[in-house]
There are 2 protein chains.
Amino acid sequence: MIAADSVLLTDLYQLTMLHSYWKRGMTAPAVFELFARKLPPGRGFLVAAGLEQLLDYLEGLRFGDEELAWVRGCGRFDPGFADWLAGLRFTGDVDAMPEGTACFPDEPLVRVTAPLPEAQLVETRLVNLVHFQTLIASKAARSVLAAQGRELVDFGLRRAHGAEAGLLAARACWLAGFHATATVLAEARFGIPAVGTMAHSYVLAHDDEGEAFRHFARDLPGSVVLLIDTWDTEAGAEIVVRIAPGLAAEGIRVRGVRLDSGDLGAHARAVRAILDAGGLCDTTIFASGDLDEWRVRDLVAAGAPIDAFGIGTRLETAADRPYLDCAYKLEWYAGRARRKRSEGKATWPGAKQVWRRLGPDGRLAGDVVTLVGDRQDGEPLLAPAMRAGRRVPGLPTLAEARAHTARELARLPDGLRRLDEPAAYPVEIAPALRALAAELDAAQLSSCRTAKSASRGDSSRA
Amino acid sequence: MIAADSVLLTDLYQLTMLHSYWKRGMTAPAVFELFARKLPPGRGFLVAAGLEQLLDYLEGLRFGDEELAWVRGCGRFDPGFADWLAGLRFTGDVDAMPEGTACFPDEPLVRVTAPLPEAQLVETRLVNLVHFQTLIASKAARSVLAAQGRELVDFGLRRAHGAEAGLLAARACWLAGFHATATVLAEARFGIPAVGTMAHSYVLAHDDEGEAFRHFARDLPGSVVLLIDTWDTEAGAEIVVRIAPGLAAEGIRVRGVRLDSGDLGAHARAVRAILDAGGLCDTTIFASGDLDEWRVRDLVAAGAPIDAFGIGTRLETAADRPYLDCAYKLEWYAGRARRKRSEGKATWPGAKQVWRRLGPDGRLAGDVVTLVGDRQDGEPLLAPAMRAGRRVPGLPTLAEARAHTARELARLPDGLRRLDEPAAYPVEIAPALRALAAELDAAQLSSCRTAKSASRGDSSRA
């Protein structure tokens, strides 16, 4: 069975265009860029993410035997096409914002420079990989800001959209500053610390709650977090207090309790009082259940005695804004800048760079998008990530990218950090870029007029 | 590298609970059920989907060498645990609603009967697989109803949440009645017909639009659909009219044009007029760009001359409702029914079946949820899908499931087919089931009282 992340995980039109480029020898260098057209409503910034998986994909890109057999047998293409695909590799360059960089509309996150067929073929999976992690990292960063230092764990694998979404959401949350994940494979694959408590089923499989708690504590003495809401949250807390001394005598400490239903703030206060009165002052309270950045903010603002939050479905599906309006567009080919002018979807032409200025307070003060080579004040944001199909040496590790994200969040102006009605961030289009766009529009308008009059001429002859 | 769909793609608590069940020999049969707690706001029904992938997962479930190495090395578990996991297979039974069945809250979609550790371990991935396809099939079915027979193609791979989401969304859309997909791998893996047009980049990579159209047509003469909105939609249509006679002389027919921006209804009318005036009366119009079931409905209602719709991001992220409130819960273990009573999340205990009655018009008239063995009027919806860890013979093929879905949609009462404010569908909880829940609640209340007074006793002693 062909794997879900096969090179055939693409849109058919990529192959049909490739077929045409191959037949016509249209293999001159092309520049494509991925950018967001606008922010989702109510969002102040994005956090770039997913570059590592993109580079993995580009380095590993090839048509294997099963895929070539499909191409040969599907009845659409010339016989030689599959032979050419067999030798196809990604040989181009990638420049990109490092993962964790705060970014804004019109700014290229990723720039691909490669022979046209290669740069085109990778479009679908490139967007699929970078869009999703950027989406989740951007939302997770909002929870990090809202939690004001309280611990966050991503919990949403089961309702994430499939296997890869669950795994990569854990990575994006970690990048954004989460403290741990519930997803085992995220630890095994990326070294993200996995944590876990227990499910209601564990309690239900026992004859009573206290017995379930004792069994769980004895069987995993290193990390005892007990889920206390299966029947009655406060009664569950009383049971924890009752069994804690016996466990302590066995050398087992109840590290925490988890609340998963009802009014989490009210339950947390009641449970805190019960635990404190029972001498369990350093047993922490972990809350989960339908959480998102707004609920975390409100619980923190209300002073709820919650030490850590498990955030699941609403985060890992980016439930309020489950997609970004982003695109990967041809900006340059065979020596000429190119510009799409579709209504509401026009692009800025040419290979571009983003320059960022900081204010005297060290916070982000404004960006300029311009053509590569048109130097501006500040620091350029896109850096080399791949040259001639291989990663450049010294790219940030995941831990380094996470530290970069934390610095980026700290540098956001207060107006951008708000969960609602964030301030607008100034992104300027440089004069050189505007001039190029105007020049291309003028040339296109003239060619479009020619086409229209030619078409009228044809019709009158018909 | 461990694959994204490894058995380690699970929540850590599954492994910690498993570790405890293994140590205690808690391997008696358990029954878990997956069900929706409620419908997303504004939705009238769900379409069950994802069973085939679930059965693949259960049949293939095992800990491989890399996974066992992680378990041994992670520092959490007793030494013998990994050895036990090495021999673990799923040996249980699955009963489920066939894919494509219309379903409603409180109704089990999937029932798993297996030794407790097996039934528990599979929770995360089971939900992950069945939730997502059910989510997408349920939304795609709304587009099918809205399109009133016009062709639909799923287009959303690039903004689907990762690789598996893109692939399985294509499957769920096909199941729901879509006519084709843009995703190549969905054809290679599932036999779903893939279709494609061209991207703006193809046009932009040429010196003029007419040249791009001619090249594309000549290089893929079997299926020529030209994208005409790169600069000016109507000018693009004029160019198609101008080049069509030359292509016809070469034996190439322009099968269709695609619109992807602006007011799709207005452009479709203008383009239809241009094509008709140019003698291209059987060249179809394909529309895409920010579509969903409401926009399709409105375009159809307005009589827009659009023959086919490409629906992408909003469908494959289920953008308005990107998750279902569903859960997989322990209902029975070691000979006794079990019931979680968490606030707002109580479950109906015991192994259950759903019975469906049809009205005199052949439409769905009402369901009853009851205990297995409590026979009701109508037809039972859950059927055997797996016995002792192997698929039962004769399960529906994907094509059969698609035909079943079409029958199900045709049997929905008109009130449920509305896109907005759908009617409520009657799902009755049978007296036998209510009685069992009341009995368990009474027993639990009494045990909870005992625990509370015992806890008070402890505290006063402290």
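**Fold, sheet and chain contacts in a predicted model**

Of the contacts in chain A with a separation of 6 or more, 72% are between residues 24 or more positions apart. The structure described here is a predicted model. In chain A, 17 helices and 19 strands were assigned. Of the 462 residues in this chain, 56% are buried. Along the principal axes, the C-alpha atoms of chain A fill a box of roughly 95 × 55 × 50 Å.

An open sheet in chain A is formed by 7 strands, which follow the order S13-S12-S1-S5-S3-S17-S18 with antiparallel pairing. The edges are taken by strand S13 (336-337) and strand S18 (390-391) of chain A; each has a single partner strand, so one side of each lacks a neighbour in the sheet. Within the sheet, strand S3 (residues 93-96) and strand S5 (residues 108-115) of chain A run antiparallel and are joined by 4 bridges. In this pair, A:Asp95 is found opposite A:Arg111 of S5(A). In general, the strands of a sheet pair through backbone hydrogen bonds, in either a parallel or an antiparallel manner.

Helices of chain A also contact these strands. Helix H2 (residues 51-60) of chain A packs on the sheet and touches S3, S5, strand S17 (383-387) and S18 of chain A. The direction of H2 makes about 25 degrees with that of S17(A). Helix H6 (residues 123-147) of chain A lies across strand S1 (29-38), S5 and strand S12 (325-333) of chain A, and runs at about 140 degrees to S12(A).

The largest nonpolar core contains 310 residues, of which A:Leu226, A:Val240, B:Leu226 and B:Val240 touch the most other members. Apart from neighbours within four places in sequence, the contacts of A:Leu226 are A:Met198, A:Phe213, A:Phe216, A:Val240, A:Val254, A:Val257 and A:Arg258. In soluble globular proteins, nonpolar side chains tend to be buried together.

In chain B, helix H7 (residues 163-176) has 14 residues and reaches 20 Å from its first C-alpha to its last, close to the 20 Å expected at 1.5 Å a residue. Because 14 of the 14 residues of H7(B) are buried, this helix is largely enclosed by the rest of the structure. After H7(B) comes B:Gly177, with a positive phi near 120 degrees.

Between the two chains, 104 residues of chain A are in contact with 103 residues of chain B. On the side of chain A that touches chain B, 46 residues are nonpolar, 33 are polar and 25 are charged.

Methods: Residues are numbered from 1 along each chain as its sequence is written. Chains are lettered from A and ligands numbered from 1 in the order in which they are written. This is a predicted model: local features need pLDDT of at least 70, side-chain atom pairs count only at pLDDT 80 or more; totals for chains, interfaces and linings use all residues. Two residues are in contact if their C-beta atoms, placed from the backbone, lie within 7 Å. Ala, Val, Leu, Ile, Met, Phe, Trp, Tyr, Cys and Pro count as nonpolar, Asp, Glu, Lys and Arg as charged, and the others, Gly among them, as polar. A nonpolar core is a set of buried Ala, Val, Leu, Ile, Met, Phe, Trp, Tyr and Cys residues joined through C-beta atoms within 7 Å. A residue is buried if 20 or more other C-beta atoms lie within 10 Å of its own, exposed if 12 or fewer, and partly exposed in between; C-beta atoms are placed from the backbone. Two strands pair if DSSP finds at least two bridges between them. Helices (H or I, at least four residues) and strands (E, at least two) are DSSP runs, numbered from the N terminus. Axes are lines fitted to C-alpha atoms, for helices over the stretch in contact, and angles run from 0 to 180 degrees between N-to-C directions. The expected span of a helix is 1.5 Å times one less than its number of residues.
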